[in-house]
Amino acid sequence: MKKASDVFSGVLKAVKAKRVLLIILAVFLLIGFISYWSYQRTMQKLLDGGILSGTSVSSIAADTTKEDVTEEETTEAEPATQVSDNMGFALPSEGEIINEFSDGELVKSKTLGYWITHDGVDIQAEDGADVLSAGEGEVIDIYDDTRWGVCIEIDHKNGVFSYYFGLGEDIEVSVGDLVVTGQRIGFVGDTAEIESKEETHLHFAMKQNGEWINPIEYIEENS
């Protein structure tokens with residue numbers, strides 16, 4: 001009988017211990033459920049409020065930081081000069097006009113010895129004299145032509161372009177630069193073989209809507 005009672009007592013103790021473990025387990029499960037429910041409710045509020053949309057808070061923070069840095073870098077990289085619609089023009093070099101715009105008429109070339117059109121004006125200047133941008137715009141081409149030597153082309157928007165021929169090798173601008181009226185872009189040179197027998201000068205020309213125009217008249221009208 002004593003042995004049986006001992007066995008029964010042991011069983012009761014085991015049952016009590018198991019019950020305590022079950023109670024502890026139940027408490028942990030309840031805490032876990034409450035935490036999960038609270039998390040789900042919070043996330044749902046964020047979604048309903050439009051704060052989150054298929055992305056995490058950390059990724060939003062990272063994207064915001066990236067955008068801020070990109071915007072700051074872009075601001076620093078922007079050129080100091082911006083092209084505007086209010087354009088004023090001026091002659092690119094000081095000096096006497098030694099050969100005028102022929103407006104499609106044939107004139108005899110001192111260098112070539114035959115009759116050709118003169119689609120710009122020749123402005124007398126010393127070798128190495130400053131060449132200035134005739135107006136506000138963007139440098140779209142710099143090249144070395146077999147006849148006209150070192151050349152710069154500037155787009156002034158609204159269909160207006162200016163051309164600077166026979167420059168020296170030292171150029172002050174690059175393709176893509178934005179320039180303003182009177183900004184130095186290069187220097188007078190003697191690289192234009194087609195006008196090599198003329199006095200040292202800058203050959204300056206302009207186009208409007210694809211047609212050569214008289215640059216002197218255009219500048220007088222838009223100075």
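Does Asp155 count as buried or exposed, and at what relative accessibility? In this predicted model, Asp155 counts as buried because its relative accessibility is 14%, under the 20% limit for that class.

**Figure 1. The whole chain.** The predicted chain contains 3 helices and 12 strands. Of its 223 residues, 28% count as buried. The accessible surface of the chain is about 14600 Å², and carbon and sulfur atoms account for 54% of that area. Among contacts between residues at least 6 apart in sequence, 63% join residues at least 24 apart.

**Figure 2. A nonpolar patch that includes Ile31.** Leu21, Ile23, Ile24, Val27, Phe28 and Ile31 make up a nonpolar patch on the surface. Together these residues have about 600 Å² of accessible area. Ile31 belongs to helix α1, which covers residues 2-48. Ile31 counts as partly exposed because its relative accessibility is 47%.

**Figure 3. Salt bridges of Lys157.** Side chains of opposite charge can pair when their charged atoms come close. Lys157 forms a salt bridge with Glu138, with the closest N and O atoms 3.4 Å apart. Lys157 lies in the loop between β7 (149-155) and β8 (160-167), and Glu138 lies in strand β6 (residues 137-145), so this pair ties together parts 19 residues apart in sequence. The side chain of Lys157 also meets that of Asp155 in a salt bridge, at 3.7 Å from N to O. Lys157 is partly exposed, at 29% relative accessibility. Glu138 is partly exposed too, with a relative accessible area of 24%, whereas Asp155 is buried.

**Figure 4. The salt bridge between Asp130 and Arg184.** The chain has a count of 5 salt bridges. In one of them, Asp130 pairs with Arg184, and the closest N and O atoms are 3.6 Å apart. This pair links distant parts of the chain: Asp130 is in strand β5 and Arg184 is in strand β10 (residues 184-187), 54 residues apart. Asp130 is partly exposed, at 37% relative accessibility, and Arg184 is partly exposed, at 36%.

**Figure 5. Asp127 in its loop.** Asp127 sits in the loop between β4 (121-124) and β5 (130-132). Asp127 counts as exposed because its relative accessible area is 53%. Leaving aside residues up to four places away in sequence, Asp127 touches Val188, Gly189 and Thr200. Asp127 and His201 are 74 residues apart in sequence, and their C-alpha atoms are 7.6 Å apart in space.

Note on methods
Residues numbered from 1 in each chain as written. Predicted model: local features only at pLDDT ≥ 70, side-chain atom pairs only at ≥ 80, totals over all residues. Heavy atoms only, no water. Patch = residues over 30% accessible without salt bridge, like charges linked within 9 Å, V, L, I, M, F, W, Y side chains within 5 Å. Areas by Shrake-Rupley, 256 points an atom, 1.4 Å probe, with all protein chains shown as cover. Salt bridge = Lys/Arg side-chain N within 4 Å of Asp/Glu carboxyl O. Helix = DSSP H or I, 4+ residues; strand = E, 2+ residues; numbered from the N terminus. Buried < 20%, exposed > 50% of the residue type's maximum accessible area, 1.4 Å probe, protein only. Contact = heavy atoms within 4.5 Å.
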